[in-house]
Amino acid sequence: MDQISVPVNLEQVSKIFRDPKTKSDVHAVREAQLEIGGGELVTLLGPSGCGKTTMLRMIGGFELPTRGRIRIGGEDVTFLPPNARATATVFQSYGLFPHLDVFDNVAYGLRVRKIAAPQIETRVMEALDLVGLKALARRAPGRLSGGQQQRVALARSLVVRPQVLLLDEPLSNLDALLREQMRVEIRRIQKTLGITAVYVTHDRVEAMSLSDRVVVMKEGVIQQVGPPSTIYERPDSQFVAGFVGKVAFFPVEVANTTAAGPVACTLDGKPVMAGSVAPGVGKKAMLMARPESLRLGNPGEGACDGTVSTNVYLGSSVESFVATEYGEILVQIDDPSMSRVRAEGSRISISFDETRVRLLPVAG
Amino acid sequence: MFSVLRGSYEKTILQDKKELLLALTRSAPGENGDVEAWLEEARKTYPALHLLYVRGIPGVDEIQEFSLDAELKALWQARQEDKAFKTGIEAASYLETFVMPDAVRLGSGESLLIFSPVLNAEGDTARGIVVAAVDETVLTSFNNLTYALSLIAFFVFALGFGIATFSRDPPTGYAILVLFSIVLLFVAYPLFTAVRLTFVQEGRFSLAIWKDILTNRQYLGALAGSIQLGALTATLSTIIGFLFAFFVSRTSMRGKKLVTALATLPVISPPFSLTLSIILLFGNNGLITKGLLGLENFTIYGLGGLGLVQTISMFPIAFLTLAGVLDAIDSTLEDASLDLNASRWETFMRVTLPLTMPGILSAWLLVFTNSLADFANPLLLSGSFRVLSVESYIEVTGMNRLGNGAALSILLLLPTLTAFFVQRAWVAKKSFVVVTGKPSGRLSDLASKPMRIFLLVFVVLTSLFIVSLYGTIVAGCFVKNWGIDYTFTTANIVEALQRGREAMISTMTLAGIATPIAGFIAMIGAVLVVRKQFPGKRLLEALMMTPFAVPGTLIGIAYILAFNEPPFLLVGTGAILVICYVIRELPVGLEGGVATLRQIDPSIEEAASDLGADQATVFRTVILPLIRPAFISSMSYTFVRSMTAVSAIIFLISARWYHITIQIYNFSENIRFGLASVLATALIFIVLAVFGLMRVIVKKSEHLEKTVTVQ
C-alpha cells in the first residue's frame, strides 16, 4: 500500500457556530494558520471545547469554515463535501456499520468507489492484516472488543488509501493498557505508510508520545506549535506549560530582558537564574519549573523555603508536595533513596536547576 | 398533480362557458322573437362562440334551426341522430346544460359542443335548445399556458431553493421541498380551509357560527358530554392500567407475558368490534341483559356503556405508559426504602407513587384526549347521550352544515391542545424518571401477599372479560339471529363475504398503496428532523406532527372542504383516501423513525460519507438498513390503522371506494349483527396477521438494535 505524502494547509481558518439557545455566536476556531507537512503526524491538543475537533471536522469536510481556506496537497478543498475529499476519518466512537460484518465494513469505501470484487478482496484482507484482524473478517462489529472495533475503524479508513488520515480521539474509549498498545500501533502504521495524519486528543501523554509536532489549542486559538520536546521544555505561555505537564510558577522580576543566554532575575529579592526566555517577557515574569528541575535542600539554602506536606511513592521516583508561600509545589525526586527524600512535616528549601527553568510572560 | 391541475382548469373554463351560455339562452328570444337579430348580437359580443338556435324540442315539437354558422348547422343536421347528440338534446329538454365529452371537427379545428335549454317565460319548460361550439384550441392553449407557467414557477423555485441552500447536498434539498409541498397541501391548506369556513357567512367575515355553537344548548351539551366521558374513561383506564402495570413490573408472578399480550389486544383491534360485542352481550337483545337476567328497562346505550367500551379499548394505553415508567424506576430505590425500615405500604406511598405521579398524569391525559377524539364507539353506542365527534358528523352529513361541523371539531381540538400543553409544561418538568444503564435485579417483592392475590384476581378477571368479548364476536358470526334465535348457521359468513367483498378489496388496496408511501415519507422526514439543519425545520416538523393532535372528524371535514372543488378535485377518488391514510399516520411513523435515528451514532453516517458515499448512497446503504425496524413497524402500523380507520374516512368514502369499517357500521346500524361480526372477525385476523408478520421480520434484524449504540 503505497501512499503519497501530501501536505495540509489551513489558511486563516475560522469557524463560528450560532448557539440556538442564547442566539449568540460561538467562535469555535479563530484564524487558525497551520502547515502540516507530507507524512507528518500532527496532534491537536487542548481541553474540551478548545476547537480541536471542529478543526479536524473542517479538514474532513463535515463542517464548513466560516472564513479561510483549507488545502490538501495544494488543492483548495474548503467547500468540498467529505465524499469528495481524499481524507479518511477514524471517529471517536468508531462509527462502524452495525449491519455489516468486519469485512463489509472495511470494503464499504471500495464498493462505493466501484472497485472490482477480486481487488476489493485483496485490499480488504491486506488492510485487515495490517491491523491484525484477518481472522475476524466475518464477525459482526457488535461482537468485537473495543480495541478490535478500533482496529476495524482504522483498517476501514486506510483501505481507501486516503492522502490524509484524520483521527478524532480514537483511543478515548479504550482502557489504559489497550490505549498504550494502540498508540504504538497507530504510530507504527502511520510511519510505515508515510501518510499525513492529524490526531485530535486531550491526553497530553498521548500527544507527546506519538506526534511529530503538537498543536496546543485553547478557546479556538492555536497557542503554540512545535515538537513534543519543545512544547514540554520550552513552552511560550503559562497555559501551554500547565497543559502539557506538571509545573510550578514563581513570580519574578527580570533584571535584563534583552540577554540571550541565562537571565538574571529576583524572586522576592533573592537572585535566581533562568535558562531560557519565552518571547514577550517583560519586567515582571513567571518562572516556570517542572517537578524534575527542582531540588530539595536545607532551609535557607534555596530560592524559597517550605514544609513537606505529603510524599507519594511511585517506584522510580517520589513526588514531594511542598507547601510554600507560592502555593503547593511538586518536587520530583528521581532514583529515591531515603537520604534525599525528606520526612513529611520537615522544613526544607527548594532550589532550581538553572538550565531547565524558563521565563514566561505573566498570563492575563 | 399536474394532471389534476389541468383537469380542474378545463373544468373551470367549461364551467365559465356553461354559465355564459346559460345567461345567453336566458336572453334568447321566445317562440316568436327575432332569432336572427339575437344571433347577430351574440356574435358581436362573443366572436369565439358559434351558436345554433333550435326552436322546439326535436322528437316532441316541430323544429326550426337558425345559425349564422353554416358548418355548425350542417353538422347538426348530419349528426342529430348520433347518440351523443341525443344525450345532449335530452339533457336540454330536462333543463340541464350538457357538455359533449368528445370534441367534434368543425371547420378547421376541434370544437366542444355545449347544449343548453331555452326556457319559457315561467322557466319550467324547455322551448328550444341552443347549441354552442367552443373552439377547443382556446381551452388547450389556455391550459398549456397555465400548465407551463406553473411548471416554470415550480422549477424556478426549486432551483433557486436548491442552489441557495443545498449546493452541497441536493437530495436533501429536494426531500425538504417535497415534504414541504406535501404538508402544506394536505395538512395546512385543508385545516386552514376548515377554520376559515367557521368564520365566514355568506361570503364575508362573521362570528355567527361560533356564536351559534357557543350558545346553543345542544352543542354545549355535546361538549359537556365529551368532557364527562373523557374524564370517566381516563380515570377508570388509569386505575386499571396502573394495577396491570404494577402487576407486570413490580411482582414476580408468572404469566406476565400473556397478560401483556392480552391487555394490548384492544389497542390494535378494529373499531366497532368491542362495541359490537358489548351490544351483543348487554344490548336490548343482549345475551346477558335479556337472555340471562331478563332485564327489560336496562340500556347499554349512553354514558355508562360508552365508558365501559372506551375503558376496555383505552386502558392498554395507560398500562403501556405506566409499565414503561415503572420499569424505568430503579428498584434499588424501593429496596433502599425497605432497608431503612419503611413498611411496604410506606415505601409504595413515599417512593413508588411519587416517582410514578408524572407518568400517571400523562397516562390520564393521553387516554382523555383519545376518548375525546374517539368517533367509532360513540357512533354506535351513544344513544341519546351527545358527544362532539358524533355531533359534528351529524351536522355535516345529516344537516349539511359544514361550518358547524368544522366548528364542533375545532372545539374538540381545544381540550386536546390544553391537555398537550399541560403535559408539556407540568409533566415534563416533574419527570423524575431516572434511567440507569442497566435494569437492576429485583430483590424484594413490594406487594404483600393479600395484595398480590388481589392483583392476580383482578388481572385475571379483566383479561378473561377481554377474551370473552372477543369470543362473543366470533360466536356472533355463527348465530342466526342474536337475541332471538341462537341456532347455528354459516349463512352469515357467506352473505357477509359476498356483500363485504368489494369494500374489503378496496380497503386493502388503498391501505396497501398508502403503506409504503407513508413509510418512506416518515423515514425521510425523520432523517431531516434528526440530522439536517435548514430554515423552516421547526415548521415542517410541526406540520408533520399536526395530524396527531387533530381529531379525525376535523381532518375528514377539512378534506371534503378543500378537495371538493378545483384546483384540487379529489373527493370521490381513491386518492383522497390514500392521502388521508398517509397524512394521519405520518406522525407515528415519524416519531418512530426519529426515536430510532436518535439512537444511531451520527458518526456512522459521517463515516460512510467520508468513505466516498454521497447523500443518496448514505441513505440507501446505511440509514435505511439501520432504521429498518422502525421502517417496518411504521409501515405495518400504517396499514393496520388505515384498514381500521373510521373517523376521517367516513366523510371521504364513495360508492366506488368503500371502506370495510363503514360496512361493519352499516350492518350494525341495520341490526345485522351476524354480518357485522363476520367482517369484524375478519378484520381482527388481518390485523393480527400483519402484526405477527411484522414481529417476525423485525426480530430478524433485532441484532442491529443492540449494536447500534455500541461505543
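In what order do the four strands of the open sheet in chain A run? In this predicted model, the order is E2-E1-E4-E5, and the pairing is antiparallel. At the edges sit strand E2 (25-36) and E5 of chain A, each of which pairs on one side only. Helix H1 (residues 52-60) of chain A packs on this sheet and touches E1, E2 and E4 of chain A. The direction of H1 makes about 115 degrees with that of E1(A).

Now for the pairings themselves. Strand E1 (residues 8-18) of chain A is joined to strand E4 (residues 67-72) of chain A by five bridges, with the two running antiparallel. Two of the residue pairs can be named: Val8(A) stands opposite Ile72(A) in E4(A), and Asn9(A) has Arg71(A) as its bridge partner in E4(A). On from there, E4(A) is tied to strand E5 (residues 75-76) of chain A by two bridges, again in an antiparallel arrangement.

Over in strand E2 of chain A lies Glu35(A). Is this residue buried, exposed or partly exposed? Glu35(A) counts as partly exposed, because its relative accessibility is 43%, and that label covers values between 20% and 50%. Setting aside neighbours within four places in sequence, Glu35(A) is in contact with Val8(A), Asn9(A), Glu40(A) and Arg213(A). Glu35(A) and Arg71(A) are 36 residues apart in sequence, with 9.6 Å between their C-alpha atoms. The side chain of Glu35(A) also makes a polar contact, at 3.4 Å, with the side chain of Gln33(A).

Stepping back to chain A as a whole, the secondary structure amounts to eight helices and 21 strands. Of the 364 residues in the chain, 51% are buried. Chain A exposes about 15,600 Å², with carbon and sulfur atoms supplying 51% of that area. As for contacts between residues at least 6 apart in sequence, 67% of those in chain A join residues at least 24 apart.

Helix H8 (residues 217-250) of chain B packs against helix H16 (residues 388-398) of chain B at an angle of about 145 degrees, and their axes are 8 Å apart. On the H8(B) side, the residues that meet H16(B) are Gln218(B), Tyr219(B), Ala222(B), Leu223(B) and Ser226(B). Leu388(B), Glu391(B) and Glu395(B) meet them from H16(B). Sorted by class, this contact has four nonpolar, two polar and two charged residues.

Elsewhere in chain B, helix H19 (residues 491-531) holds Ser506(B). Why does Ser506(B) count as buried? Its relative accessible area is 3%, and the buried class takes in anything under 20%. The side chain of Ser506(B) reaches the backbone oxygen of Ala503(B) at 3.3 Å. Not counting residues up to four places away in sequence, Ser506(B) touches Trp657(B) and Tyr658(B).

Definitions and conventions: Residues numbered from 1 in each chain as written. Chains lettered and ligands numbered in written order. Predicted model: local features only at pLDDT ≥ 70, side-chain atom pairs only at ≥ 80, totals over all residues. Heavy atoms only, no water. Axes fitted to C-alpha atoms, helices over the stretch in contact; angles between N-to-C directions. Contact = heavy atoms within 4.5 Å. Nonpolar A, V, L, I, M, F, W, Y, C, P; charged D, E, K, R; others polar. Buried < 20%, exposed > 50% of the residue type's maximum accessible area, 1.4 Å probe, protein only. Areas by Shrake-Rupley, 256 points an atom, 1.4 Å probe, with all protein chains shown as cover. Pairing = 2+ DSSP bridges. Polar contact = N/O pair within 3.5 Å; in protein donor to acceptor, adjacent residues only side chain to side chain.
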